[in-house]
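Please read it with the structure open.

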Amino acid sequence: MTVTGAEAAEVREELRDVARSLLAGDPAPSAKRLASAGWTGLEVPEELGGAGVTFAETAVICEELGRAAAVSSFLGAAVLGAGTLLELSPSAARDDLLAAVAAGDATPVAVLPGEAGFVPSAASATHLLVVEPGGVTVAVPGDAGVSVEALPVIDETSRLARVSVSGASGGPVLPFAGDPSAVIGRLRDRAAVAVACDSLGAAEAMLETTVAYVKTREQFGRAVGSFQAVQHACADMLVALRVSRELVSAAVTAVAGGAPDAWVRAAMAKSHACAAAVDVAGQAMQLHGGIGYTWESGVHVYLKRALLNRSLFGSPAGHRQRLATRY
């Protein structure tokens, strides 16, 4: 399905509304639930049971998952797993796995070079797509030489694992459709922008929650939101998020369209949006006062998610250093 212009914007808004409604009732959707909603197969070709849309639609789901602080395998399986399969040359093995992803019968997770220490959703993967210089080897957790160890992380809504695959499990290497180094770069960009989308959604949820809270919380007979210092703090949060929104939108468009400078947009979005989300969540905790530090408030969930996102697939400092090489 190819949509453009106003039609594409309408489709994405409808997708956003459906996602927000679904996640409000189920903040920890299973892989089958994700598939039944059509999310895992968003970018899978229609002839293989998917929707045949682009990364721009995938980004909408990433943002809504962050807004809901949802627990899911979407980043590992749909963003990176399906994304990696789509970069391979067409073959029966590739197509069968893509069809299984769209149907919810498989949860493939990509293991990028240098990323084997903190692999999203690897503990629940049915297949491990081990990215190598020439292509991808499909390994199965539990096979000889394949080990997956769940790792404890600060964010309780994220599932990361250490993956070890010795000898690539002896499986055949499925070749990339294009230059391997360029493909790996595109996969890293996808991951960075997806995490930036998640952070943007989480930060916007924190701003909305905080504004609603300061309007009703009273001190000295007045709503605390009427105090100038609180208004300035909320305004600073809003400005940071508007910048994040512009950078993330530009990065999503670049990645979805395969722009040659997509890595620049991705680095800008990842470095700013993920750092801003930590600041916004921290400010939200302060503006909630004493209750902001309690488990009941839920603010800590978003702060921890933002802190982990800031480190996943490149820190802000790392991305800014990469951007500096242009000069």
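The second largest pocket is lined by 19 residues, and Arg12, Ala56, Val60, Ser249 and Val252 are the ones nearest its centre. The model is predicted, so local features are given for residues with pLDDT of at least 70. Both domain 1 (5–174) and domain 2 (180–324) contribute to the lining of this pocket, so the second largest pocket lies between them.

**Second largest pocket**

- The space in the second largest pocket comes to about 320 Å³.
- Helix H1 (5–25), helix H3 (55–67), H6 and H7 each provide at least two of the lining residues of the second largest pocket.
- H7 is the element that gives the most to this lining, with seven residues.
- Sorted by class, the lining of the second largest pocket holds nine nonpolar, five polar and five charged residues.

**Largest pocket**

- The largest pocket holds about 450 Å³ of space.
- It is lined by 22 residues, and those closest to the centre of the largest pocket are Glu87, Arg186, Arg190, Val255 and Ala256.
- Two or more lining residues of the largest pocket come from each of helix H4 (74–86), helix H6 (180–216), helix H7 (228–257) and H8.
- H6, with four residues, gives the most to the lining of the largest pocket.
- Eleven nonpolar, five polar and six charged residues make up the lining of the largest pocket.
- The largest pocket lies between domain 1 (5–174) and domain 2 (180–324), because both give residues to its lining.

**Cavities**

- The whole structure contains three cavities of 30 Å³ or more.
- The largest cavity has a volume of about 280 Å³.
- Its lining has 21 residues, and Ser72, Leu75, Ser158, Asp198 and Arg305 are the closest to the centre of the largest cavity.
- H3, H4, H6 and helix H9 (299–311) are the elements that give two or more residues to the lining of the largest cavity.
- Twelve nonpolar, five polar and four charged residues form the lining of the largest cavity.
- Domain 1 (5–174) and domain 2 (180–324) each supply at least three residues to the lining of the largest cavity.
- The volume of the second largest cavity is about 50 Å³.
- The second largest cavity is lined by Ala31, Leu34, Thr40, Ser73, Ala77, Val101, Gly104, Ala106 and Thr107.
- By class, five residues in the lining of the second largest cavity are nonpolar and four are polar, with no charged residues.

- S1 and strand S3 (residues 127–132) run parallel and are joined by four bridges.
- Ala110 has Leu129 of S3 opposite it, and Leu129 in turn stands opposite Val138 in S4.
- S3 and S4 run antiparallel, with five bridges between them.
- Two residues separate S3 and S4, which form a hairpin.
- Strand S4 (residues 135–139) is largely enclosed by the rest of the structure, because four of its five residues are buried.
- S4 is also joined to strand S7 (residues 173–175) by three bridges, and S4 and S7 run antiparallel.
- Within S7, Val173 is the bridge partner of Thr137.

**Strands S2, S6 and S5**

- Three strands form an open sheet in the order S2-S6-S5, and their pairing is antiparallel.
- Strand S2 (119–120) and strand S5 (146–151) are the edge strands, each pairing on one side only.
- S2 and strand S6 (residues 160–165) run antiparallel and are joined by two bridges.
- Val119 has Ala161 as its bridge partner in S6.

**Helix H8**

- Helix H8 (residues 262–287) has 26 residues.
- From its first C-alpha to its last, H8 reaches 36 Å, which is close to the 38 Å expected at 1.5 Å a residue.

Note on methods:
Residues numbered from 1 in each chain as written. Predicted model: local features only at pLDDT ≥ 70, side-chain atom pairs only at ≥ 80, totals over all residues. Heavy atoms only, no water. Pairing = 2+ DSSP bridges. Expected span 1.5 Å × (residues − 1). 1 Å grid on protein atoms, 1.4 Å probe; cavity = no way out; pocket = protein on both sides within 12 Å on 5 of 7 lines; lining within 4 Å. Points joined across faces, edges and corners; volume = space filled by probe spheres on them. Nonpolar A, V, L, I, M, F, W, Y, C, P; charged D, E, K, R; others polar. Domains from an automatic or database assignment. Buried < 20%, exposed > 50% of the residue type's maximum accessible area, 1.4 Å probe, protein only.
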